[in-house]
Amino acid sequence: MAQTSPTEPWIGATPADSTAPTDRMDRTSPSNPSDPQPIPELVQLLTPDGLRVPHASYDARVAHLTPERLRALYRDMVLTRRFDTESTALQRQGELALFAPCLGQEAAQVGSAHALAPQDFVFPSYREHGVLHTRGIDPLDVLSLFRGIDYGGWDPREHNTHLYTLVIGSHTLHATGYAMGVQRDGLVGTGDPTRDTAVVAYFGDGATAQGDTNEALVFAAVNNAPLVLFCQNNQWAISEPTTNQARVPIADRGKGFGVPSVRVDGNDVLACYAVTAEALERAHSGGGPTLVEAYTYRMGAHTTSDDPTRYRTREEEESWRRRDPIDRLRTYLESIGELPEEFVAQLEVDADALGARLRDGVRAMGKPAPSSMFDDVYATPHAGVAADRAWFTEYDAALAAPVAGPDEGSTR
Ligand SMILES: Cc1ncc(C[n+]2csc(CCOP(=O)(O)OP(=O)(O)O)c2C)c(N)n1
Ligand SMILES: [Mg+2]
């Protein structure tokens, strides 16, 4: 049964029946906005007020988390947020071409990533900074992508984490194929926790409307692939509300594919850990795929090129700010006396150091030669790429040549 907070009746509600302005819904929603929305089940272990509420199915999944481990979750969320705010500022200073913030989604990302085994393989989309942080990926290797100088600087094999994917939903198919490969390699159901391998695909609510994602669900289901399809329903796909992607809770759609599904409070790091641990256990043991819908909110803009004030209200943003995932865990840790002052002070020092490292590191990245974009197209030389490079080099040199003045009869 849904574990909702009595003080927060909103939780589980969709924008259509809660905070979305009626003029927008009338304009963009193909459904009748007055249709009653089913009340979805929502796994919750921590209320927005930081109260620990019991849950018959999921308490056992977090029982082993010591105060030290809870502080690690808190630390990772705080550092992810610092990465986010520093990166947004660096984009504003012209040091990054673009940035996609994950502000507000730290619990969904850090909670789920903490449940992973090292050998599990992750396919992220493009705002999974909290997942990458938890996997130990150098944040500067993420920012080189957003500076536009490479495709992401980390080695997918070293961290068992694929590069970011910007083509919406496409990586759900890559993840399904990879999971089917893992299965054929005999790395499922061995009973050895250091060998059994699962694959996790992170994607958004908008991606659920893509053919690729639906095909991934079909293939994962019929092949019993060791896959967790982790959807962060952050309420928006750029300016399109979730109500434009589905008329039922996203988790409910798993049933039609025969995939066990769960809807979790995505701002509750404990609940996100618990449902992911369950889904991973199913995958590791040969039980097949799971669809997780983490119900959360993108508190920032879609990217630094977006202006959310054009399509959503301040009231909506405010109401989600009150459900901040970091505040929630902090309140809980304080209430049980497990957030010592020294820990908080050290975390602030560490976050400041991270900020300084990001600023210095990004500025030191410099600017690659434009023709280097041809370097890694193929592993071996290719005549077509060589011809493109030659054409581009000549074109670029022509742009750099001094332009003749009007007296000299320039035609440029
Ligand atoms: C195949 C494809 N179509 C369209 C786009 C343009 N696009 C970029 S982000 C985005 C919205 C994705 O929303 P969602 O899946 O909810 O993820 P979120 O950005 O909210 O994390 C779209 C349509 C794209 N990148 N790829
Ligand atoms: Mg979204």
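## Helices H3 and H13

In H3, Leu70, Arg71, Leu73, Tyr74, Met77, Val78 and Arg81 meet Pro325, Ile326, Leu329, Arg330 and Leu333 of H13. Contact means C-beta atoms, placed from the backbone, within 7 Å. Helices (H or I, at least four residues) and strands (E, at least two) are DSSP runs, numbered from the N terminus. By class, this contact of H3 with H13 has 9 nonpolar, no polar and 3 charged residues. Nonpolar covers Ala, Val, Leu, Ile, Met, Phe, Trp, Tyr, Cys and Pro; charged covers Asp, Glu, Lys and Arg; the others, Gly among them, are polar.

The model is predicted: local features need pLDDT of at least 70, side-chain atom pairs 80 or more, while totals for chains, interfaces and linings use all residues. Residues are numbered from 1 along each chain as its sequence is written, with chains lettered from A and ligands numbered from 1 in the order written.

H3 (residues 67-92) and H13 (residues 325-335) pack at about 150 degrees, axes 10 Å apart. H3 is therefore roughly antiparallel to H13 (angles over 145 degrees count as such). Axes are lines fitted to C-alpha atoms over the stretch in contact, and angles run from 0 to 180 degrees between N-to-C directions.

## Helices H4 and H11

H4 (residues 106-114) and H11 (residues 269-284) pack at about 40 degrees, with axes 7 Å apart. Ala107, Ala108, Val110, Gly111, Ser112 and His114 in H4 meet Val269, Leu270, Cys272, Tyr273 and Thr276 in H11. That contact divides into 7 nonpolar, 4 polar and no charged residues.

## Ligand 1

Ligand 1 is surrounded by 15 residues, the closest being Ile168, Gly204, Gly206, Ala207 and Ala237 (C-beta atom, placed from the backbone, within 6 Å). Strands E2 (199-204) and E4 (236-237) each give two or more residues to this shell. The shell holds 8 nonpolar, 4 polar and 3 charged residues.

Note on methods. Parallel < 35°, antiparallel > 145°, perpendicular 65-115°, else oblique. Contact = placed C-beta atoms within 7 Å.
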